[in-house]
Amino acid sequence: MLRIHFTGTDLESVGLARGPDPLWEIVCSLCRLQTREGAMAFGPWRLWVGGLVRQGGAAREAASALRTLVPRAAYFPDFLTPHVEDGRNDLQSGIDRVLATPRRRLRHELALLSAGGGQPWAGAELARGDVTTVNALGGKLRTYHQEFIAPLGNRIGTATAADVAWRTRVLADGGTRALLNSLRPMAVWEPPVLTVDYPVERDLHLNGRGLLLVPSYFCWQRPISLADDQLRPVLIYPVDKSPSSAAAPSASLSRMLGSARAALLSEAAALTCATTSELADATGLSLPSVSQQLTVLRDGGLVSSQRDGKRVLHTATPLGLRLLDGC
């Protein structure tokens, strides 16, 4: 178990990232490649990646090298997932922060990885901060993301956007306590401690630094965090990956035509995480009609729905927003 200890100041500094961190998605996806966990969610993706790897080339080299840095073990180097200091969490900004890792930290974290039985790619050269090797690491991170993660961009964006919209509403309605309670069952909030399902026994004292919650598509079942307690605390948590949040097939787009569905999609985008009743009030449609039309929109990947207690919250997906922007 991971026990995260809060002070009053920490509760005032709980943040929710607007979307997934590209580097954390790389790390979590590497973990998914090395197990059979999540067969429904990740099985087809693993088969697809396997096909690309068998073709060889830069994609295979990137996957092979990065897998040695993120082995199937309890530890991987924290420098692979640097904290976002300026709010920029795009891939290139993250890679730039990785490349700027001090040599002392590279040596320390790679030594920890080796001590656990790992054989990191270009270990000696990387540990001493060899410029060519460090730059090559940046290239492998970029190639891996481009080949294995970017093609799932719509699916990842849909799932994480729906999660963030829902938790943002939870936070607005009930404050930090409600937000932390929304992490059940993978984490349990019993003030002043958030107990997280975790593979090792560990205590993390925030000591006024706050906590950033980061949604992740490739994180599976339980949240993860940085190994070094002295770094800015983050908690990477898995989002729902139900089939209804997948990108729409082109045939389904024809079903989006019609004034009722167009109005519902527009209001779902404008209200952000609206209840079924709120959408009915906004559009003037009956509740049964709204429920029926929302089902069609969900089937088309244009709206995502998330249950929150007795109510269901609906939001436009990135695909739905793009459709609205193009109209």
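Student: How many bridges join strand β1 to β5?
Tutor: This is a predicted model, where local features need pLDDT of at least 70, side-chain atom pairs count only at pLDDT 80 or more, and totals for chains, interfaces and linings use all residues. Residues are numbered from 1 along each chain as its sequence is written, and side-chain values use heavy atoms, leaving out hydrogens and water. Strand β1 covers residues 2–5 and runs parallel to β5 (strands are DSSP E runs of at least two residues, helices H or I runs of at least four, numbered from the N terminus; two strands pair if DSSP finds at least two bridges between them). The number of bridges joining β1 to β5 is 4.

Student: Okay, helices. At what angle do α2 and α8 pack?
Tutor: Helix α2 spans residues 22–33 and helix α8 residues 131–149, and their axes are 11 Å apart (lines fitted to C-alpha atoms over the stretch in contact, with angles from 0 to 180 degrees between N-to-C directions). That makes α2 roughly perpendicular to α8 (65 to 115 degrees). The packing angle is about 70°.

Student: Which strands stand at the edges of the open sheet of 3 strands?
Tutor: The order is β8-β10-β9, with antiparallel pairing. On the β10 side, 6 bridges join β9 to β10 (residues 311–316), and Ser-304 has Thr-315 of β10 as its bridge partner. Each edge strand has a single partner, so one side of each is left without a neighbour in the sheet. The edge strands are β8 (274–275) and β9 (303–308).

Student: Which helix lies across β8, β9 and β10?
Tutor: Helix α13 (residues 287–299) lies across β9 and β10, at about 115° to β9. The helix across β8, β9 and β10 covers residues 259–271 and runs at about 95° to β10. That helix is α11.

Student: How far apart are the axes of α12 and α13?
Tutor: Helix α12 (residues 276–283) packs against α13 at an angle of about 105°. The two are therefore roughly perpendicular to each other. Their contact includes Leu-279 and Ala-280 of α12 and Val-290 and Leu-294 of α13. The axes are apart by 9 Å.

Technical notes:
Angles under 35 degrees count as roughly parallel, over 145 as roughly antiparallel, 65 to 115 as roughly perpendicular and the rest as oblique. Contact means heavy atoms within 4.5 Å.
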